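Hello, and welcome! Take your time and look at each part as you read.

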Amino acid sequence: MTGPLFDITVAVARIAVFFAFCFGLVVVMTWVERKGAAYIQDRRGPNRADIFGIRAWGLFHPLADALKFLFKEDFIPDNAHRLFYQMAPMFSLAPAILGIAVIPFGPDVTVMGRTVALQIADLNVGILYLFAVSGMTVYGVVLGGWASGSKYPLLGGLRSSAQMLSYEVSMGLSLIGIFMVFESVRMSQIVAGQGGLLFGVVPKWGVLVQPLGFILFLVAQYAEANRTPFDMPESESELVAGYHTEYASFKFSMFMMAEYLHMVVGAAVVATLFFGGWQFPYLGDAGFLFPGGFAVAMPPALVLLLRIGAFVAKVLFFAWLYVWVRWTVPRFRYDQVMRLGWKVMLPLSLLNIFVTGLTLLLLKK
Amino acid sequence: MTIGVIKVARPREMSFPESLYLVEIVKGLGVTMGHMLSNIVRQEGIKTIEYPEVRRQMPPRFRGKHRLMKRENGAPRCVACYCCPTACPAKCITIVAGESPDPAVEKYPVRFDIDMLRCVFCGMCVEACPCDAIRMDTGWFTPPDDTREKLIFTIDTLLEK
């Protein structure tokens with residue numbers, strides 16, 4: 001294959017595979033959420049949908065849900081603003097999809113003598129692009145809330161705009177420590193920087209050099225993804241279903257897909273920035289190398305598989321953590337959310353930047 | 001001591017680690033994970049009854065769907081005395097009496113319809129019956145159906161049970 005044709009093939013293949021991985025995980029996560037919630041609450045959960053009598057622990061329920069949504073009436077309320085009402089689900093889903101672009105799914109691989117990065121776009125602004133994209137998600141929620149022409153969605157939209165803007169501040173600030181330690185905003189370089197060892201013993205993962213930053217970022221992520229305990233825009237016990245009360249059919253399922261895609265992308269971002277991305281602990285290019293000098297040689301293909309497997313495992317864990325936390329922690333009151341965002345998270349993230357800077361300065365001397 | 005003031009026990013102040021909230025969340029995560037793992041390992045510990053396949057065992061005096069009793073020769077035991085429609089507060093029983101072919105029996109119900117959509121399951125019909133022809137001991141309530149007509153039980157369905 002010649003140069004340009006090879007590039008185009010690789011680009012399309014990467015987009016197709018990573019996109020399919022994320023959307024496949026979205027489908028699985030809807031099942032995990034329902035089944036996990038059931039088992040946590042001593043119930044059985046969905047187990048009825050079957051194909052030719054095979055029930056497979058309710059695994060076909062996402063399929064049944066999708067079919068149901070497709071065949072429902074595409075309803076637009078009389079009071080809705082017709083254009084914005086239709087646009088809101090798109091505004092909600094598009095930023096979530098765009099986030100996939102900068103996540104490194106594995107190390108560089110050599111295909112037909114050419115180096116190929118397992119990342120759709122290794123942007124030099126990396127994480128800043130993610131911030132820009134996730135800043136857009138609030139439009140979907142606010143548009144949906146406002147354009148529905150109903151009271152509950154409007155309240156949900158208002159709450160979410162305040163909440164998401166507040167937490168975006170501490171989310172951005174909590175990552176500055178990471179940029180300072182790894183001296184880059186490029187995702188691939190942050191992952192590469194986490195391959196080393198800290199004090200020659202433990203992997204130099206972001207969570208170990210930036211524990212406070214990790215907690216702040218994780219909390220801010222939950223708030224950004226509108227997941228319980230920051231479920232303000234939806235709060236089904238107060239606002240019926242919040243910003244998507246008036247939505248039905250596939251528009252509603254687009255909102256749902258956006259929420260789960262946020263979870264998946266958020267899990268991938270946490271894994272990449274704080275848990276070494278595709279780095280497997282003590283695994284170098286030639287095999288395992290433990291601190292005591294004990295080494296195990298491995299073929300490169302196995303190393304690659306282990307690294308991609310490590311990334312997938314980390315993503316699965318953090319995606320599950322979203323579900324786990326949702327069924328453990330009750331929803332905060334609105335004023336508590338605001339107090340936590342501005343009075344606790346913001347000063348702590350500033351403190352984190354200060355302490356990180358001071359430590360780096362003292363280490364350099 | 002002020003009269004009429006009741007000392008109410010207040011929740012104790014949160015300690016510092018508790019007020020940080022994070023430790024408590026981790027504890028909570030442990031509780032939920034414990035529930036989940038024990039439910040996955042011991043499926044029979046889950047209280048859910050998987051309805052159509054498994055049915056709850058109703059108590060012996062549970063008033064369920066009606067059934068009509070039969071004589072030894074298979075004819076309905078009912079003598080069409082109209083006691084049950086008289087006693088019925090929901091007016092859901094319709095009886096049309098006819099002359100019985102059996103010389104020992106005077107009348108029998110040609111039609112005996114119970115409108116299950118109107119029935120309130122009070123059991124008055126069972127108490128009113130002088131010859132124990134109607135009972136509500138089937139141990140199950142009316143199953144759902146897709147038309148109203150199917151839920152008006154005729155004498156044939158009532159005798160079957």
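Two residues are in contact if their C-beta atoms, placed from the backbone, lie within 7 Å. Keep in mind that this is a predicted model.

Q: How many residues does the contact take from chain A and from chain B?
A: Each chain gives residues to the contact, and the two sides can be counted separately. The contact takes 11 residues from chain A and 12 residues from chain B.

Q: Which helix of chain A gives the most to the side of chain A that touches chain B?
A: By class, this side of chain A has six nonpolar, two polar and three charged residues. The helix that gives the most to it supplies three residues and spans residues 3-40: helix 1 of chain A.

Q: Are helix 5 and helix 13 of chain A roughly parallel or roughly antiparallel?
A: Start with the axes of helix 5 (residues 151-174) and helix 13 (residues 334-364) of chain A, which come within 8 Å and cross at roughly 15°. Angles under 35 degrees count as roughly parallel. Helix 5 and helix 13 of chain A are therefore roughly parallel.

Q: How many nonpolar, polar and charged residues are in the contact of helix 5 with helix 13 of chain A?
A: Helix 5 of chain A passes helix 13 of chain A in a left-handed crossing. Residues of helix 5 in this contact include A:R159, A:Y167 and A:L173, while those of helix 13 include A:V337, A:W342 and A:I353. Sorted by class, the residues of this contact are 11 nonpolar, seven polar and one charged.

Q: At what angle do the axes of helix 9 and helix 13 of chain A cross?
A: Helix 9 of chain A covers residues 211-224, and its crossing with helix 13 of chain A is left-handed. The axes of these two helices come within 10 Å and cross at roughly 145°.

Q: Which residue in the turn of the hairpin in chain A has a positive phi?
A: Strand 1 (residues 106-111) and strand 2 (residues 114-118) of chain A pair in the antiparallel sense over four bridges, with A:T110 opposite A:T115. The two strands form a hairpin with two residues between them. The residue in the turn with a positive phi, of about 50°, is A:M112.

Q: Which are the edge strands of the open sheet in chain B?
A: This sheet has three strands in the order 2-3-5, with antiparallel pairing. Seven bridges join strand 2 to strand 3 of chain B, and two bridges join strand 3 (residues 107-115) to strand 5 of chain B. The edge strands each pair on one side only, and they are strand 2 (93-99) and strand 5 (152-153) of chain B.

Conventions: Residues are numbered from 1 along each chain as its sequence is written. Chains are lettered from A and ligands numbered from 1 in the order in which they are written. This is a predicted model: local features need pLDDT of at least 70, side-chain atom pairs count only at pLDDT 80 or more; totals for chains, interfaces and linings use all residues. Axes are lines fitted to C-alpha atoms, for helices over the stretch in contact, and angles run from 0 to 180 degrees between N-to-C directions. Angles under 35 degrees count as roughly parallel, over 145 as roughly antiparallel, 65 to 115 as roughly perpendicular and the rest as oblique. A crossing is left-handed if the near helix is turned anticlockwise from the far one by less than a right angle, and right-handed if clockwise. Ala, Val, Leu, Ile, Met, Phe, Trp, Tyr, Cys and Pro count as nonpolar, Asp, Glu, Lys and Arg as charged, and the others, Gly among them, as polar. Two strands pair if DSSP finds at least two bridges between them.
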